[in-house]
Structure formats: structure tokens, C-alpha cells
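Trainee: I would like to learn how to read a model of two chains, feature by feature. Where should I begin?

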Amino acid sequence: RRRIRLFGAMCLLRLPRITQPLEKEEEEVAALMQQIELEKSHYSDHEIRKLEEEEQLKRSKESSYDEDDARGKTVILAQDLEEKWEQKFLQFKAAPRITDADKSNDRTSLNRKLDSNLMLLVKQKIGNQELWLLPQVEWQPGETLRSTAERAMATFLGDHIQAKVLGNAPYGIYKYKFPRAIRTENNVGAKVFFFKAFLQSSDLSQAELKADHLWVTKKELGDYLQSEYLKKVNRFLLD
Amino acid sequence: DALLGCHRSYRSRPTHGIGKFKYLLPKEIPKRRKEKVQMKEISAGTEYQYGDINIQMTSYDLGLVEHFAQYVHRLCNRLSIQVNESYAMPTKTNEVLFLEERGSKMQLDAVLTTHQRVVQIRGLSSTFAPILLEIIQSSQPEGVHLLMKQHTEADFKSRLKSRPELEELLAEMS
């Protein structure tokens with residue numbers, strides 16, 4: 001009796017690791033605010049100490065006071081501490097922000113754009129065509145749609161993925177009717193329900209079953225998805 | 001006679017109680033010292049509502065955490081989610097000592113302060129909760145840890161200071 005087939009699809013998101021670079025205006029505003037804050041702020045303990053020691057040095061050079069021996073406190077000058085900290089800072093090397101440039105646009109690796117969301121796309125065979133889709137699997141009666149989506153994820157990425165599914169309600173729906181050649185009494189069309197999940201761990205050491213997978217950002221989705229499908233998917237994607 | 005003359009109004013006189021004004025002021029509720037923990041609501045069916053949820057933000061950078069807490073609070077106001085309270089937990093100071101052993105032992109000290117802000121939310125519907133979580137997660141600044149959990153009595157009690165004298169007396173009594 002069911003004339004429409006139901007599918008559950010999973011949109012697996014990898015969250016960004018780094019903040020996006022600031023725009024020109026944002027950078028200017030940030031620099032301005034920083035300067036205002038600097039001019040309005042008071043001296044910190046370290047800076048006061050530094051100033052005092054400079055004054056002491058000046059006085060001892062001009063009029064040869066023996067204050068340093070009398071005080072005995074200034075074993076380590078504040079200036080020396082600063083130099084030590086600067087050296088340590090120079091030794092520190094931050095991890096590179098742009099790794100995808102090194103990997104020359106390899107879209108199957110997860111180390112791509114570290115500042116935006118990445119989504120999983122899989123090549124699936126529907127009817128006669130091979131299309132790029134979000135991983136989807138047909139719904140079986142007696143299971144919730146969310147578990148269908150989880151099963152879809154498991155079939156394409158293996159069982160032990162640490163992904164957190166967001167909520168029990170689907171995020172979007174895409175319905176289409178089959179072309180007349182394939183339509184039968186029972187199979188008029190299909191509805192695909194989309195669910196979202198966040199990828200918790202970033203290493204997918206488990207072997208992937210089908211090799212045709214891609215990790216794509218929202219802008220690059222247009223290269224792979226069909227236009228109607230893309231419209232519905234874009235509705236629930238934040239960026 | 002002038003010394004003995006008094007202008008007190010007797011109860012029989014019409015001017016009795018002429019100087020009274022307290023009945024005109026609004027009534028003050030006597031302030032309770034301890035607040036009671038509020039109950040959770042779960043309504044069954046398709047409309048699932050969470051009870052009290054705490055969004056806890058921790059970071060080393062004070063300004064960043066405060067601004068983020070402000071942003072979250074304003075976001076909830078815009079989205080008409082009821083915010084019970086937004087408070088700060090006491091800051092924890094950590095002293096980091098480096099023991100470098102290259103000939104002369106040097107100890108470099110660093111003092112780190114950890115700040116924590118909590119925004120308490122009530123009446124979040126479960127269809128909206130994941131969207132809110134995603135929005136907050138995607139607008140998280142660098143260096144800020146986010147934690148969303150349900151409010152429990154233990155959380156409430158962690159804000160209160162313990163009274164050792166009272167506890168000693170109670171122990172002696174029982």
C-alpha cells in the first residue's frame with residue numbers, strides 16, 4: 001500500500017578547528033579597540049617594577065648611590081625576565097593554519113579547511129544513475145528515522161564512529177517522484193529525511209567501505225549535488 | 001504650662017493616627033535567606049521540554065568569557081527563551097612552576113586564573129535545542145570551553161559556601 005518510499009540520510013559535520021580570519025573592517029576595529037584599551041589601562045605590577053629598576057639604574061650611574069647593595073632585592077631584573085620570555089616565545093612554533101594548501105585540494109582528507117564545517121558526501125547508485133549524495137539508506141518498518149540515519153552512517157563509515165546525533169527530529173526533507181518509466185503501483189516516489197550529526201573524534205582509522213567519499217564545505221556542495229537537492233539541503237546548513 | 005502641654009492625639013479624638021503613613025507604602029515580602037531549588041518539568045508526547053539547563057563557559061581570558069556570556073544571554077532573549085539566572089562561579093588560580101634542570105635549577109612561575117560563567121535556561125523545547133547548540137558551538141571563540149548540562153542540586157550547592165562551625169555544632173548535637 002505504501003506508494004512512497006522513505007529514506008533516512010545523515011549529514012555528518014566536522015566542526016571547524018580554528019576561527020575564520022577577520023575581515024578588513026573587523027581587523028581595523030580590533031586594532032583600534034586594543035589601542036584604546038592600552039591607553040586607558042593602568043600599569044601592571046611587572047611594568048611598575050621595570051620602571052623602578054630603570055630609575056634606580058639611572059640614579060646609580062649619575063650619582064653612584066649604593067642602593068642596590070642596600071636593597072638586595074633586585075637579583076633578577078625585570079628586563080632579564082622579559083628577555084627570557086621573548087626567547088621562549090620565539091622558540092614556540094604554532095601549527096600551520098593552512099594544511100589544505102599543502103595537500104593541493106585533496107578533498108578526501110579531513111585535514112582540509114580547518115576554519116569551516118565539512119560535510120560527508122558519498123557516491124550512491126539510485127535507479128540507473130550514480131549520484132553524489134549525503135549517505136542514505138532505506139527506512140525499514142519498525143525502526144525510527146533517526147536509527148535509519150545512524151545505520152546509513154554506519155554502512156559508509158564503519159561501526160565505531162564517535163558522532164553525536166543532534167536530536168530526534170529531522171532537519172530537512174527532499175521528496176521526488178520517479179520518472180515514469182520506473183513507476184509502478186507501489187513505487188511512485190521517495191522522500192528523504194535529513195539528520196545532522198557532529199563528528200567528535202577526528203581520526204577515521206576504520207577502513208571505509210566505499211572509496212567514493214568526499215569532505216566538502218558548504219560552498220563546494222554546488223559542484224556535486226543536483227540543484228533541487230542542493231536547495232533543500234542548503235536550507236538547514238549554517239555557516 | 002507650656003512644658004506640660006502635650007499634643008498627643010488620644011484614641012477618641014478624630015486626629016488619632018494622623019502621622020501614620022506605612023499603610024500607604026507597598027507591602028514588602030519578608031526576604032527568605034535560602035532559595036529553594038526549582039523543580040524540573042517534562043511534558044510527555046511530541047512536545048518534549050527540558051527543565052533547567054546550565055550553559056557553562058570556562059576560559060583563562062576574562063574579557064572573552066564575559067563577552068561570550070553576554071552574547072549567549074542576549075541570544076536567548078532574542079529567541080524568547082526564558083533565562084533564569086546568569087551568574088559567575090568563583091575563579092580558580094593555578095600556579096605553574098617550570099623546573100628546568102640544565103645546570104642551574106630555574107623555576108619559572110606563571111599564574112593562571114580560570115574564570116567560569118553560567119547561564120541558566122528554562123523551557124527549551126527539544127526540537128529547538130539542537131539548533132541552539134549548533135549556533136552556540138559555531139560562534140564559540142578560541143580558548144573557551146563550552147559545557148551544557150542539566151541543573152542539579154549539587155550544582156546549586158557548589159555555589160554556596162560551607163559553614164564549618166555550623167557543621168561542627170550539628171555533629172555535636174546528633
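Mentor: Begin with the secondary structure. This is a predicted model, and its chain A has six helices and eight strands.

Trainee: In what order do the elements of chain A run from the N terminus on?

Mentor: The order in chain A is β-α-α-α-α-β-β-β-α-β-β-β-β-α.

Trainee: How many helices and strands does the secondary structure of chain B come to?

Mentor: Chain B comes to four helices and six strands. Read from its N terminus, chain B goes β-β-α-β-β-β-α-β-α-α.

Trainee: What share of the contacts in chain A between residues at least 6 apart joins residues at least 24 apart?

Mentor: For chain A, 70% of the contacts between residues at least 6 apart in sequence join residues at least 24 apart. In chain B, of the contacts with a separation of 6 or more, 73% come from residues 24 or more positions apart.

Trainee: Now single residues. Is A:Gln124 buried or exposed?

Mentor: A:Gln124 has a relative accessible area of 11%, and the limit for buried is under 20%, so A:Gln124 counts as buried. The residue belongs to strand 2 of chain A, residues 118-126.

Trainee: Which backbone oxygen does the side chain of A:Gln124 reach?

Mentor: The side chain of A:Gln124 reaches the backbone oxygen of A:Gln136, at 2.9 Å. Setting aside residues up to four places away in sequence, A:Gln124 touches several others, among them A:Leu131, A:Leu134, A:Pro135 and A:Phe156.

Trainee: And A:Arg146, where is that found?

Mentor: A:Arg146 is found in helix 5 of chain A, which spans residues 145-157. Its relative accessibility is 25%.

Trainee: Which residues is A:Arg146 in contact with, leaving aside neighbours within four places in sequence?

Mentor: With those neighbours left out, A:Arg146 is in contact with A:Val165, A:Gly167, A:Asn168 and A:Phe195. As for A:Lys175, it is 29 residues from A:Arg146 along the chain, and their C-alpha atoms are separated by 18 Å.

Trainee: How should I read the interface?

Mentor: Interface size is often given as the accessible area lost when the parts come together. Here chain B and chain A bury about 1000 Å² between them, 65% of it on carbon and sulfur atoms. In terms of residues, 11 of chain B are in contact with 14 of chain A.

Trainee: Which side chains meet in a salt bridge?

Mentor: The side chains of A:Lys196 and B:Glu134 do, at 2.8 Å from N to O. The count between the two chains is one salt bridge. There are also two residue pairs in polar contact between chain B and chain A, both at pLDDT 80 or more.

Trainee: Which element supplies the largest share of the side of chain B that touches chain A?

Mentor: Helix 2 of chain B, residues 129-138, gives the largest share, with seven residues. By type, the residues on that side of chain B are six nonpolar, three polar and two charged.

Technical notes:
Residues are numbered from 1 along each chain as its sequence is written. Chains are lettered from A and ligands numbered from 1 in the order in which they are written. Side-chain values use heavy atoms; hydrogens and water are left out. Contact means heavy atoms within 4.5 Å. Buried area is the accessible area (1.4 Å probe) that two parts lose on being put together, summed over both. A salt bridge is a side-chain nitrogen of Lys or Arg within 4 Å of a carboxyl oxygen of Asp or Glu. A polar contact is a pair of N or O atoms within 3.5 Å; within protein, one must be able to donate a hydrogen and the other to accept it, and residues adjacent in sequence count only if both atoms are side-chain atoms. Helices (H or I, at least four residues) and strands (E, at least two) are DSSP runs, numbered from the N terminus. Ala, Val, Leu, Ile, Met, Phe, Trp, Tyr, Cys and Pro count as nonpolar, Asp, Glu, Lys and Arg as charged, and the others, Gly among them, as polar. Buried means under 20% relative accessible area, exposed over 50%, partly exposed in between (1.4 Å probe, protein chains only).
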